[in-house]
Amino acid sequence: MNKLNMIFIKQILTGLTLMFSVSICFAQPSNDECRFATRINESEQYCSEDNEFTNVGATADPSFPAAINACVFLEFSNGVWFSFTPRNFAVNIRVFGEGNGGTMRSPKVLLFDDCNNFIACSPGNQGGIVEFIYDNLVPGKPYLIYIESSTGGEGTFKMCINTFK
């Protein structure tokens with residue numbers, strides 16, 4: 001093989017490596033769709049690590065008219081999904097973003113009892129922390145949590161879930 005062919009092959013391999021690296025950097029989270037929700041097995045006293053979750057690269061979800069009417073600043077543009085099965089009647093969900101265990105800005109929390117049935121939401125805020133309390137769960141029934149941020153506010157976050165009576 002001559003020197004020109006070696007340079008050409010090297011450039012192709014470098015280009016392919018760069019394309020692969022860029023696609024990894026912008027890959028969507030595994031829980032970007034409801035059907036792939038990340039399971040939280042222990043919801044009585046659960047807290048993730050700082051920066052454990054992300055909505056960077058998440059794609060738009062269908063909008064839910066009931067949620068848009070009930071919740072403030074919803075965009076359904078970058079949410080990620082989680083599931084849990086409570087043992088108690090109430091839940092406190094806290095999301096810690098920018099400056100508090102993550103980089104996400106203006107987090108919002110929505111609760112669903114299946115992928116298409118919105119139940120309730122946090123009021124949302126422009127800060128880095130949001131807390132959501134709901135006290136009408138059915139113990140043993142699976143629920144879904146949808147976490148999103150403002151557009152352009154995507155980032156990492158810490159999430160805590162505590163169920164109680």
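Ring pairs join Phe 64, Phe 76, Trp 81, Phe 112, Phe 118 and Tyr 146 into a cluster. The model is a predicted one, in which local features need pLDDT of at least 70 and side-chain atom pairs count only at pLDDT 80 or more, while totals for chains, interfaces and linings use all residues. Residues are numbered from 1 along each chain as its sequence is written, and side-chain values use heavy atoms, with hydrogens and water left out.

A pair of aromatic rings is described by the distance of the centres and the angle of the planes. Rings of Phe, Tyr and Trp (its six-membered ring) are paired if their centres lie within 6.5 Å, and planes under 30 degrees apart are called stacked, over 60 edge-to-face and the rest tilted. By this rule the count comes to 12 aromatic pairs. One of them, Phe 64 with Phe 76, is edge-to-face, at 5.5 Å centre to centre and 65° between the planes.

A charge sits over a ring if NZ of Lys or CZ of Arg is within 6 Å of the ring centre and within 35 degrees of the ring normal. Lys 141 lies over the face of Tyr 143, 5.6 Å from the ring centre, and the charged end of Lys 158 is over the ring of Phe 96, 5.8 Å from its centre.

A search of the whole structure finds 3 disulfides, each a pair of cysteine sulfur atoms within 2.5 Å. In Cys 34 and Cys 115 the sulfur atoms are 1.9 Å apart, and the torsion about the S-S bond is about -90°, so this disulfide is left-handed. Cys 34 is buried at 12% relative accessibility, whereas Cys 115 is partly exposed at 28%. Cys 47 is joined to Cys 160 with an S to S distance of 1.8 Å, and the link is right-handed, with 105° about the S-S bond. Cys 47 lies in strand E2 (residues 46-47) and Cys 160 in strand E10 (residues 156-164), so the pair ties together parts that are 113 residues apart in sequence. With the bonded cysteines numbered in sequence order, the pairing is 1-4, 2-6, 3-5.

Finally, Asn 88 is found in the loop between strand E4 (80-84) and strand E5 (90-96) and is buried at 8%. Its side chain makes a polar contact with the side chain of Thr 163 (3.4 Å).

Technical notes: Helices (H or I, at least four residues) and strands (E, at least two) are DSSP runs, numbered from the N terminus. Buried means under 20% relative accessible area, exposed over 50%, partly exposed in between (1.4 Å probe, protein chains only). A polar contact is a pair of N or O atoms within 3.5 Å; within protein, one must be able to donate a hydrogen and the other to accept it, and residues adjacent in sequence count only if both atoms are side-chain atoms.
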